[in-house]
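Please keep the sequence and the structure open while reading.

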Amino acid sequence: MTPDLPPLRDVIARHGLAASKALGQNFLLDGQLLDRIAAIPGDLAGASVYEVGPGPGGLTRALLRAGATVTAVERDARCLPALAELGAAFPGKLKVIEDDALSIALPDVLPEGGHIASNLPYNVGTALLVQWLSGETWPPRWQSLTLMFQREVADRIVAQPGSSAYGRLSILGQWRSTARLAMPVHRSAFTPPPKVMSAVVHITPKPEPEGVSAKVMEQITAAAFGQRRKMLRQSLKSLPGALDALEACGIQGERRAETLSVEEFVALGRVLSSASGPQPR
Ligand code: SAM
């Protein structure tokens with residue numbers, strides 16, 4: 001049975017959790033909205049979830065209500081008493097660690113096959129996503145990512161070629177994952193409301209294309225989008241073997257990075273990975 005919990009507004013008032021801008025604190029208080037976000041990964045009954053930044057525990061409650069066991073990492077010590085109360089309402093189901101999520105090693109907080117869900121703090125959201133998507137080992141230990149970003153960042157993750165949002169994050173999010181915009185969230189849903197709109201992105205791993213190194217993919221996209229207005233024969237010049245790889249893949253050097261499909265980047269990555277591989281620049 002789901003325990004009765006006090007309204008989040010009361011929890012915030014009782015524990016003096018005035019939102020800190022420096023910690024990217026924009027809280028979600030609407031239980032129905034939080035339940036809808038917790039439903040995005042699918043059935044969580046018996047599942048393990050790692051949550052970054054539980055704050056007063058809004059999304060945490062929804063994940064616990066969905067039947068998950070949650071490990072949460074929160075940097076703001078002020079939130080810990082409120083989270084301890086929540087843990088007492090769901091005995092054995094919530095573990096809270098006071099730390100900076102950027103310094104957390106995933107195996108310490110997430111069993112193989114678990115999910116990651118978070119209303120991410122703006123200042124570290126992209127860095128965490130890059131960590132979770134960049135490993136050489138694939139599939140990753142997570143089964144899904146359900147993450148709230150500023151809308152502009154969410155658009156970049158799911159962008160298609162030809163759009164101005166298409167770039168390094170799109171390739172990172174799509175070359176061995178499926179990324180979709182699961183839910184736009186209006187700024188007024190947050191307390192306090194941020195200046196910009198938000199959206200939840202849902203990402204699941206797919207089989208890694210054979211013979212492609214994640215490091216090489218990162219080097220190609222960094223070079224190609226580092227000078228996105230230039231032709232590829234110019235922007236990729238500094239990457240050893242890249243111009244030959246363009247030719248081997250039948251990709252015209254006059255094209256610009258934002259016109260290449262994810263598959264074309266993968267094809268380039270395969271050719272470069274199969275050679276000795278590019279040297280670090
Ligand atoms: N989950 C809550 C919700 O949905 O209402 C709070 C989300 S709020 C956008 C982001 C949370 O991340 C805050 O509680 C903040 O203190 C925490 N936070 C900020 N930087 C962090 C970091 N580097 N590591 C862990 N938590 C962090």
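Two strands are taken to pair if DSSP finds at least two bridges between them. The model described here is a predicted one.

**The sheet and its helices**

With pairing understood in that way, seven strands form an open sheet in the order S4-S3-S2-S5-S6-S9-S7, and the pairing within this sheet is mixed. Strand S4 (94-98) and strand S7 (177-185) stand at the edges, and because each has a single partner strand, one side of each is left without a neighbour in the sheet. From one strand to the next, the twist averages 20°.

Within this order, strand S5 (residues 114-119) and strand S6 (residues 142-150) are joined by six bridges and run in the parallel sense; in this pairing, Gly 114 is found opposite Trp 142 in S6.

Two helices can be described by the strands that they touch. Helix H4 (residues 80-89) packs on the sheet through strand S3 (69-74) and S4, and the direction of H4 makes about 165° with that of S4. Helix H5 (residues 122-134) also packs on the sheet, where it touches strand S2 (48-52), S5, S6, S7 and strand S9 (198-205), while the direction of H5 makes about 155° with that of S6.

**The ligand surroundings**

Which residues come nearest to the ligand? Of the 20 residues around it, these are Leu 28, Gly 53, Glu 74, Asp 100 and Asn 119.

| Residue (backbone N or O atom) | Ligand atom | Distance |
|---|---|---|
| Leu 28 | oxygen | 2.8 Å |
| Gly 53 | nitrogen | 2.8 Å |
| Gly 55 | oxygen | 3.4 Å |

According to the domain assignment, the protein chain holds domain 1 (8-205) and domain 2 (214-276). The C-alpha centres of domain 1 and domain 2 are 33 Å apart, and the contact between them involves 14 residues of domain 1 and 16 residues of domain 2.

Ser 213 belongs to the loop between S9 and helix H8 (214-226). When its neighbours within four places in sequence are left aside, Ser 213 is in contact with Glu 136 and Ser 273. The side chain of Ser 213 also reaches the backbone nitrogen of Val 216, at 3.1 Å. Although Ser 213 and Val 266 are 53 residues apart in sequence, their C-alpha atoms are 9.6 Å apart in space.

**Cis peptide bonds**

Where do cis peptide bonds occur in the model? One of them runs from Trp 138 to Pro 139, with omega near 5°, and Pro 139 has its place in the loop between H5 and S6. Another joins Thr 191 and Pro 192, with omega about -10°, and here Pro 192 lies in the loop between strand S8 (190-191) and S9.

Terms used: Residues are numbered from 1 along each chain as its sequence is written. This is a predicted model: local features need pLDDT of at least 70, side-chain atom pairs count only at pLDDT 80 or more; totals for chains, interfaces and linings use all residues. Side-chain values use heavy atoms; hydrogens and water are left out. Helices (H or I, at least four residues) and strands (E, at least two) are DSSP runs, numbered from the N terminus. Axes are lines fitted to C-alpha atoms, for helices over the stretch in contact, and angles run from 0 to 180 degrees between N-to-C directions. Contact means heavy atoms within 4.5 Å. A residue is near a molecule or strand if one of its heavy atoms lies within 4 Å of it. A polar contact is a pair of N or O atoms within 3.5 Å; within protein, one must be able to donate a hydrogen and the other to accept it, and residues adjacent in sequence count only if both atoms are side-chain atoms. Domain bounds come from an automatic or database domain assignment.
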